[in-house]
Amino acid sequence: MAHARDESSPLFAGNAAGTLRLIFYLALAVVLMVLDQRNGWMWRVRDAAAAVVEPVYRLAGLPVAGMRTLSVAFGDRQHLTEQNQRLREDLLLANAKLNRMAAVAQQNQHLKELLDTRHSLELNVQLARVIGVDLGAYSHRLMLNVGARDGVKPGQPVIDAHGVMGQVIESLPTTSVVMLVTDPAHAIPVVVERTGLRTVAYGSRGGDQLVLPTIPLAADVQPGDQLLTSGLGGRFPPGFPVGRVTEVAPAATGMFLVAQVQPAADIGRSEDVLLLHDQAEPDGPPAPAKPMGPPSELAPANAADAPATPPAPPGVSR
Amino acid sequence: MNRQSLMRWWFTATLVVALLLMLVPLPGPLAPFKPYWPALVLLYWSLESEDRVTLGLAFAVGLGADVVNGVVLGEQALRLCALVFIALRFRSRLRFFPMWQQSLAVLVLLLNDRVLLLLVRFLGGASLPPASWWIAPFVGAALWPFLFLLLDDLRARWRIQ
């Protein structure tokens, strides 16, 4: 059929059939995009095609894995020795800190038991390795080598040694995709450690930072302030470092302050990450605080007759 | 294996390798320089062997690219379809351009592709990409002569049509 076109008018060919076909395919693509946008078909197709897609990811990840192996194999000895030395020192320091923290943690545990709260400091984590694959989309995503078969579910927070990296947005049978906190479509509820101000950190447009676009003008936020996860929203457990404020300036509208935040996690370089397994709390606002006091079992026997605590207030409506 | 099936294998292999190359990341600072490989390879084939490359094939390759690496299903299918359509439409002229002119044409095609992508992303509600995002088409156009000569040379060496 192509030869027919050659014969007819090779230089200025404008056949209607081609245009019609183009329109057909473009329309098909647009319909697909809209359906996908509405129903999230992409994940389902990827799930269905996982048997084909995952080997492709592994294959595409090979060069990066190879480079890592090569850099270890041919890395000069001095560099490796230095690295080893540094890691030893880090480990020593971390262990020393841990030993000191253990006593505090135990005390904390005890006090919390007294207060009858169930939050524990222990982490239920799973180690995962980053597969070096370029996922396009301005690359604010990572691929991990664990998936649904290892118990990974969408929504799980991902951290590294320094702070929060992001959350799982998709899990295939043996791989999963992580959206980084620096993705412009990502938002994470944070609290300023120094002042306790709660706000939301979004990924910045440039893609390697976070922004706090809605700080009230009167609020006290300074460069150098540390941000922690606040635990609101129930997705990220509270208390993990998110980043450090580098710059505060009034917004263009003049109604808010805008702060630039350097992420705490080593977003570009982490090869090994941790997946948190316990989802902090179910979605929705946190349960209303219980009245403080020791648990009722510890109360003296005669007090049991008296109405101990008022009935819990009804759930907060949004 | 006869020449015909060898050719078919080679054709498929280049497309698969292009998809893989698209997935392989470049180290951090070089990342924006990565050309859009599937577009380049499809362009080569649409210039050199017209009857193999059809809009349907471009659509299929785009869908494949979308499944392995993409934000929205159908996005790359749309882009590659538009690209191949333009290339096929001007094929007879593009083929006889001198190399530098051909590279310029490729640059325009790739820039057009970026604009399409921008449009799709914009309608999808994504934010504007950084300026470095526009480097890739230039790299693609600069690589075009080498890719073209390499693929042509291999084809001539193996005597496949």
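**Close-up views of a predicted two-chain model**

View 1. A:Ala249 is located in strand 10 (residues 241–250) of chain A, where helices (H or I, at least four residues) and strands (E, at least two) are DSSP runs numbered from the N terminus. The structure is a predicted model, in which local features need pLDDT of at least 70 and side-chain atom pairs count only at pLDDT 80 or more, while totals for chains, interfaces and linings use all residues. Residues are numbered from 1 along each chain as its sequence is written, and chains are lettered from A and ligands numbered from 1 in the order in which they are written. A:Ala249 counts as exposed because 9 other C-beta atoms lie within 10 Å; the limits are 12 or fewer such atoms for exposed, 20 or more for buried, and partly exposed in between, with C-beta atoms placed from the backbone. Between A:Ala249 and A:Pro213 the C-alpha to C-alpha distance is 9.9 Å, at a sequence separation of 36 residues.

**View 2. Strand 9 of chain A and its two partners.** Strand 9 (residues 226–229) of chain A is joined to strand 6 (residues 187–192) of chain A by three bridges, in antiparallel orientation. Three bridges also connect strand 9 to strand 10 of chain A, again antiparallel; pairing requires at least two DSSP bridges between two strands. A:Leu228 stands opposite A:Val191 and also opposite A:Pro241 in strand 10. The covered face of strand 9 carries A:Leu227 and A:Thr229, and the uncovered face carries A:Gln226 and A:Leu228. In a regular strand, side chains alternate between the two faces of the sheet.

**View 3. The largest nonpolar core.** This core holds 92 residues, of which A:Met165, B:Leu42, B:Leu43, B:Cys81 and B:Val84 touch the most other members. A nonpolar core is a set of buried Ala, Val, Leu, Ile, Met, Phe, Trp, Tyr and Cys residues joined through C-beta atoms within 7 Å. Helix 4 (residues 75–89) of chain B is the greatest contributor, with ten residues. The core lies between domain 1 (15–47) and domain 2 (123–285) of chain A, because both give residues to it; the domain bounds come from an automatic or database domain assignment.

**View 4. Contacts of B:Cys81.** Leaving aside residues up to four places away in sequence, B:Cys81 touches A:Leu22, A:Tyr25, A:Leu26 and A:Ala29 in chain A, and B:Leu55, B:Ala58, B:Phe59 and B:Gly62 in chain B. Contact requires C-beta atoms, placed from the backbone, within 7 Å.

**View 5. The side of chain B that touches chain A.** Here 32 residues of chain B are in contact with 39 residues of chain A. Helix 1 (3–23), helix 3 (55–68), helix 4 and helix 5 (91–95) of chain B each supply at least two residues to this side, and helix 4 gives the most, with seven. By class, the residues of this side comprise 20 nonpolar, seven polar and five charged; Ala, Val, Leu, Ile, Met, Phe, Trp, Tyr, Cys and Pro count as nonpolar, Asp, Glu, Lys and Arg as charged, and the others, Gly among them, as polar.

**View 6. The helices of chain B.** Chain B contains seven helices and zero strands. Of its 161 residues, 37% count as buried.

Technical notes:
Contact = placed C-beta atoms within 7 Å.
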